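Subject: Structure for your review

Dear colleague,

Please find the structure below, followed by a short account of what was found in it.

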Amino acid sequence: MNIYKAGKNLVSFFYTLIKAVQVYDFKNDVVQNAAQKFVDHINYLFGTMATIELVRFRDYVFFYKQRLRFEIDGYASLQFIDDRMKKLKIKSLTFLPGLNRNEAIELASIFKEEQDVFLKKFGKGTFEHTLIEFVTEEDEIPEFLKDGQRTKQSYFRALKTTRDLMQNLWQNQPVDVRSSKRIIYNLIDSLSHDEVGLLALTTIKNFDEYTFNHSLNVGILALLLGQRIGLSKKSLAQLGTAGILHDIGKVAIPKTVIYNADRLTPEEWEIIKRHSNYGVEEILKLRGLDEIAMASLIVSYQHHWNYDGTGYPRREVDAKPVLYAKILRICDSYDAMTTARVYQPIPYVPHLALKYIWARKNRFFDPILVKVFIQLLGLYPVGSCLELSSRNIGLVIRQNPGYLDLPILKIVVDEDSKRVDGQIIDLSVKRDITIVKPVYPQKYGINPASYFV
Ligand SMILES: [Fe+2]
Ligand SMILES: [Fe+2]
């Protein structure tokens with residue numbers, strides 16, 4: 001069974017029933033049929049699922065751990081249910097085995113009420129097979145959202161594959177690109193159910209192995225951005241593969257040059273720049289090249305092309321980078337800036353890296369893609385450390401949809417500069433606490449990634 005579709009159908013059948021009870025008498029066939037369809041669907045789901053539950057958390061509706069998306073198909077029903085759950089302050093709506101038509105109709109008939117009326121009627125009614133949990137003042141994160149095991153597994157598998165791929169190329173061993181295809185599809189799968197967790201994992205930066213972690217992080221950031229602009233699964237696979245392979249040309253450059261990057265002679269610098277061209281040659285060496293991997297050829301060649309025509313390798317005056325290359329130009333720069341390197345021992349804090357990118361839109365970066373990228377990461381991306389007006393330090397653990405500048409934080413350093421395992425604060429709720437400034441996590445001995453793995 002397709003769980004995602006099952007969830008969308010549940011929402012859609014419930015919506016149809018609610019609409020029907022507003023227009024017709026309960027005994028009317030339209031109502032009875034709608035109720036029957038809803039109950040049938042629930043019974044069908046109980047065939048394979050232990051719980052039938054819709055959860056609303058931070059402006060998203062989830063069904064069986066999957067976030068339901070607003071798509072053209074089923075848009076009205078999801079929007080309606082989402083809005084009603086929000087107004088009624090419902091956190092979760094659970095159906096138990098045994099739900100019948102009458103109970104379904106009764107529930108549907110009160111779903112349009114104001115919250116106080118709803119509460120009264122729900123309390124009085126005989127809802128034996130419906131459980132409702134309401135939002136509380138200090139609401140915690142639902143258990144399943146904390147559980148990112150599957151996402152972590154995909155990430156670390158992907159890291160291993162990326163490492164193997166590059167090391168084999170370094171040693172002139174044959175490499176089959178099909179292994180990376182599998183990990184890309186796993187990552188695309190993680191995108192759909194745990195976007196937040198995947199994004200958090202890109203805070204893992206590794207100094208020594210910068211190329212492996214960097215390549216994977218760039219691939220993930222590109223996937224997230226690609227998903228936001230509505231790319232198809234196949235396009236995402238091409239984009240993600242290109243992300244992982246973008247710097248592959250570096251395997252053809254002597255390690256002494258790569259690791260000496262803090263004091264390169266102009267000649268050595270020219271050698272580094274050749275990694276774009278070498279990338280094309282390295283990709284052509286791969287086995288199993290297909291339509292998905294072939295897209296990486298042009299992207300590797302163009303990933304240092306700027307929006308305004310500058311960058312390298314030099315190009316014909318009016319040649320424009322392809323969309324994937326424009327996406328990677330942003331993700332590559334962001335990840336490079338926020339990673340410690342030989343020539344950049346203290347990396348940019350994420351907020352400043354975004355400022356840098358924002359200031360160079362139209363010159364280096366496609367302005368529209370920059371906007372989408374910032375909407376994706378927020379002004380203070382996950383992993384940022386922020387000094388607060390309450391005189392403690394918070395670590396950003398996730399964004400707040402709709403509030404770019406008000407993320408959700410975990411307090412990690414208290415007022416006396418002591419490391420603590422503090423509470424979680426949603427800045428969009430706690431409006432009395434404000435951000436003073438972003439700070440360097442190194443200053444407090446904090447490794448942001450350790451909170452997400
Ligand atoms: Fe590069
Ligand atoms: Fe790169």
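The axes of helix H16 (residues 350–359) and helix H17 (residues 367–377) cross at roughly 165 degrees and come within 10 Å. Axes here are lines fitted to C-alpha atoms, for helices over the stretch in contact, with angles running from 0 to 180 degrees between N-to-C directions. H16 is therefore roughly antiparallel to H17, a term used for angles over 145 degrees. Leu354, Ile357 and Trp358 of H16 make the contact with Val370, Ile374 and Leu377 of H17; contact requires C-beta atoms, placed from the backbone, to lie within 7 Å. The contact residues comprise 6 nonpolar, no polar and no charged, where nonpolar covers Ala, Val, Leu, Ile, Met, Phe, Trp, Tyr, Cys and Pro, charged covers Asp, Glu, Lys and Arg, and polar the others, Gly among them.

This is a predicted model, in which local features need pLDDT of at least 70 and side-chain atom pairs count only at pLDDT 80 or more, whereas totals for chains, interfaces and linings use all residues. Residues are numbered from 1 along each chain as its sequence is written, and chains are lettered from A and ligands numbered from 1 in the order in which they are written.

An open sheet is formed by 5 strands in the order E9-E8-E7-E6-E10, with antiparallel pairing. Helices (H or I, at least four residues) and strands (E, at least two) are DSSP runs, numbered from the N terminus, and two strands pair if DSSP finds at least two bridges between them. Strands E9 (424–426) and E10 (435–439) stand at the edges with a single partner strand each, so one side of each has no neighbour in the sheet.

Yours sincerely

Notes
Angles under 35 degrees count as roughly parallel, over 145 as roughly antiparallel, 65 to 115 as roughly perpendicular and the rest as oblique. Two residues are in contact if their C-beta atoms, placed from the backbone, lie within 7 Å.
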